Amino acid sequence: MTDLAIPLFLVVCGIAVLLVKDLMSSIMIFSVYSLMMAIEWCRLNAVDVAITEAAVGAGISTVLFLVILGRTKYVDEGKKHVNIPALLVAVAVAAVLLYGTMDLPHLRDANIAPNTHVVTPYYLEHSYEQAGQLNVVASILAYFRGYDTLFETTVVATAGFCLVLLLRVRNKKPGTLDSQKNEVTARKKTPASIGVKPIETFPDILDQDKDIIKRTVTKFLIPFIQLFGLYVIVHGELGPGGGFQGGVILGVSIIVYSLVFGFEEAKKRMSVKTKDLLVSSGVLIYGGIGVIALFFGGNYLQYGVLLPDPQFGSVVGIMGIEIGVGITVAAVMITLFYETVRIDADD
Amino acid sequence: MIELLAKYNYWIVIILLTTGLYGVMARQNLIKKIIGLNVFQTAVLLFYVSMSKIEGGTAPILINHGHGPQPLFDNPLPQVLMLTAIVVGISTTAVALTFVTLIYREYGTIEEDQILELNKHND
């Protein structure tokens with residue numbers, strides 16, 4: 001029954017997210033939607049995906065949306081009438097997809113193509129013998145599809161760089177080209193003249209929270225969050241976990257600290273410079289292990305050659321790259337928060 | 001029950017996908033558009049992970065150190081691909097949200113129609 005109910009609840013949440021007028025409620029419903037999605041991943045036995053979704057979807061993305069909402073300070077004033085052309089396009093797409101599902105194989109069947117194609121049985125069979133990993137997800141991620149993961153990590157790091165480039169360099173000094181342009185715009189039609197109403201009800205995220213309960217509980221919880229994050233990274237070999245999941249959890253611990261104790265305090269624990277350095281050093285560790293393998297006479301990212309015993313060499317190599325992935329992902333998650341929080345803060 | 005479940009998740013995916021698509025096209029608020037895009041994205045993830053589930057299968061973690069008979073496992077491959085897609089997804093969402101704040105600083109609004117109107121007047 002839950003197999004039917006949870007997806008149905010997802011649909012309800014998905015529609016509600018777009019229907020509610022208040023942006024704050026919309027973001028909260030989206031958080032619930034992500035949490036339900038995490039439960040659905042568990043139901044589908046995708047445990048690694050569930051850990052990531054719970055930390056990313058319900059945790060970081062909610063915080064991120066709220067920070068941006070606090071920075072833009074606007075309610076959704078969009079007209080409530082139904083957009084007929086858009087609705088027609090959406091219904092047409094649904095109809096085409098529905099027609100497409102008639103040819104798709106039945107789900108939950110062990111004999112359909114995605115499950116019987118040569119690669120999956122090969123991965124399941126050789127995961128331990130070649131990569132030394134009991135968790136097949138980790139062995140595919142780091143061993144069989146190592147290149148894939150290397151570039152995924154690079155994409156995550158690049159997103160971090162994008163944020164830094166977009167937010168840190170603008171409006172550094174008064175009198176630059178940027179601020180002159182702003183003055184020119186100010187003289188012409190302004191937002192207020194076409195009926196834009198700003199609201200200023202959001203507390204500043206940069207400030208400390210004075211609530212003693214929150215401060216005490218956070219102080220108590222953060223070591224455990226970080227310990228769990230490290231456990232998830234190094235335990236990827238034996239059970240659910242790995243660099244992506246653990247890195248996200250580690251990133252969350254700093255974000256929580258910053259939310260409660262204020263940005264200034266958080267900067268003392270994890271400075272902006274350290275964080276910038278960590279973003280690229282994680283990718284460097286990953287790529288570096290690949291290069292070390294070359295020196296030992298193997299192919300790029302062939303961890304087996306690192307030690308005399310190929311299986312143990314793989315275990316060590318995969319541990320190394322999981323740590324690399326964890327560092328980059330954690331640092332980028334902190335970047336997403338730091339850079340968006342700082343928008344109006346400095347200079 | 002099994003017959004119903006055989007195509008059930010496909011329908012859910014289609015509804016979520018369409019909802020997200022409609023949100024991106026019809027909502028005027030840029031933050032709402034990005035939320036719509038996220039709903040769209042999770043629908044695609046759900047499509048892939050639904051494919052990986054096998055009736056009676058268990059999470060793909062080997063038992064007894066990989067020796068001896070193993071239980072029936074779900075397909076780990078879609079799970080790996082979607083796992084990384086979630087982390088990449090939040091990173092790209094953050095970039096999109098950054099653009100929203102930059103647009104807000106420039107225009108003072110994040111409503112699409114108002115931005116277009118301001119563009120018309122200020123050209």
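I count helices and strands as DSSP runs, helices being H or I of at least four residues and strands E of at least two, numbered from the N terminus. The model is predicted; local features need pLDDT of at least 70, side-chain atom pairs count only at pLDDT 80 or more, and totals for chains, interfaces and linings use all residues. Residues are numbered from 1 along each chain as its sequence is written, while chains are lettered from A and ligands numbered from 1 in the order in which they are written.

**Entry 1: chain B**

I read chain B along its sequence and got the pattern α-α-α-α. That is four helices and zero strands.

I then looked up the overall dimensions. The radius of gyration is taken over C-alpha atoms, and the globule rule is 2.2 Å times the number of residues to the power 0.38. For 123 residues a compact globule would come near 14 Å, but chain B has 21 Å. Along the principal axes, the C-alpha atoms of chain B fill a box of roughly 75 × 35 × 15 Å.

For burial I count other C-beta atoms, placed from the backbone, within 10 Å of a residue's own: 20 or more is buried, 12 or fewer is exposed, and in between is partly exposed. In chain B, 58% of the 123 residues count as buried.

For contacts I require C-beta atoms, placed from the backbone, within 7 Å. Taking contacts in chain B between residues at least 6 apart in sequence, I find that 45% join residues at least 24 apart.

**Entry 2: chain A**

Chain A holds 14 helices and zero strands. I note that 42% of its 347 residues count as buried. Among its contacts between residues at least 6 apart in sequence, 68% join residues at least 24 apart.

**Entry 3: the A–B contact**

I counted who takes part. Chain B gives 79 residues to the contact and chain A gives 90. On the chain B side, helix H1 (2-26), H2, H3 and helix H4 (112-122) each supply at least two residues. Which helix gives the most to the side of chain B that touches chain A? H3(B) does, with 23 residues.

For classes, I take Ala, Val, Leu, Ile, Met, Phe, Trp, Tyr, Cys and Pro as nonpolar, Asp, Glu, Lys and Arg as charged, and the others, Gly among them, as polar. The chain B side then divides into 43 nonpolar, 28 polar and eight charged residues.

**Entry 4: two helix pairs across the contact**

Under 35 degrees counts as roughly parallel, over 145 as roughly antiparallel, 65 to 115 as roughly perpendicular, and the rest as oblique. A crossing is left-handed if the near helix is turned anticlockwise from the far one by less than a right angle, and right-handed if clockwise.

First pair: helix H1 (residues 2-19) of chain A packs with H2(B) at about 165°, their axes 10 Å apart. H1(A) and H2(B) are therefore roughly antiparallel. Their crossing is left-handed. From H1(A) the contact uses A:Gly14, A:Val17 and A:Leu18, and from H2(B) it uses B:Lys32, B:Ile35, B:Gly36 and B:Val39. I class these as four nonpolar, two polar and one charged.

H7(A) passes H3(B) in a right-handed crossing. The H7(A) residues are A:Val136, A:Val137, A:Ile140 and A:Leu141, and the H3(B) residues are B:Pro76, B:Leu77, B:Gln79 and B:Val80. The classes come to seven nonpolar, one polar and no charged.

**Entry 5: A:Ala142**

I stayed on helix H7 (residues 136-144) of chain A, where A:Ala142 sits. Is A:Ala142 buried or exposed? A:Ala142 is buried, because 31 other C-beta atoms lie within 10 Å. Leaving out residues up to four places away in sequence, A:Ala142 touches A:Thr149, A:Ile318, A:Ile321 and A:Glu322. I also checked A:Cys13: A:Ala142 is 129 residues from it in sequence and 34 Å in space, C-alpha to C-alpha.

**Entry 6: positive phi**

Most residues other than glycine have a negative phi. I looked up two residues with positive values.

A:Arg108 has phi near 70°. A:Arg108 lies in the loop between helix H4 (84-101) and helix H5 (113-116) of chain A. A:Arg108 is buried, as 22 other C-beta atoms lie within 10 Å.

B:Asn64 has phi near 55°. B:Asn64 lies in the loop between helix H2 (30-52) and helix H3 (76-107) of chain B. B:Asn64 is exposed, with 10 other C-beta atoms within 10 Å.

Terms used
Axes are lines fitted to C-alpha atoms, for helices over the stretch in contact, and angles run from 0 to 180 degrees between N-to-C directions. Two residues are in contact if their C-beta atoms, placed from the backbone, lie within 7 Å.
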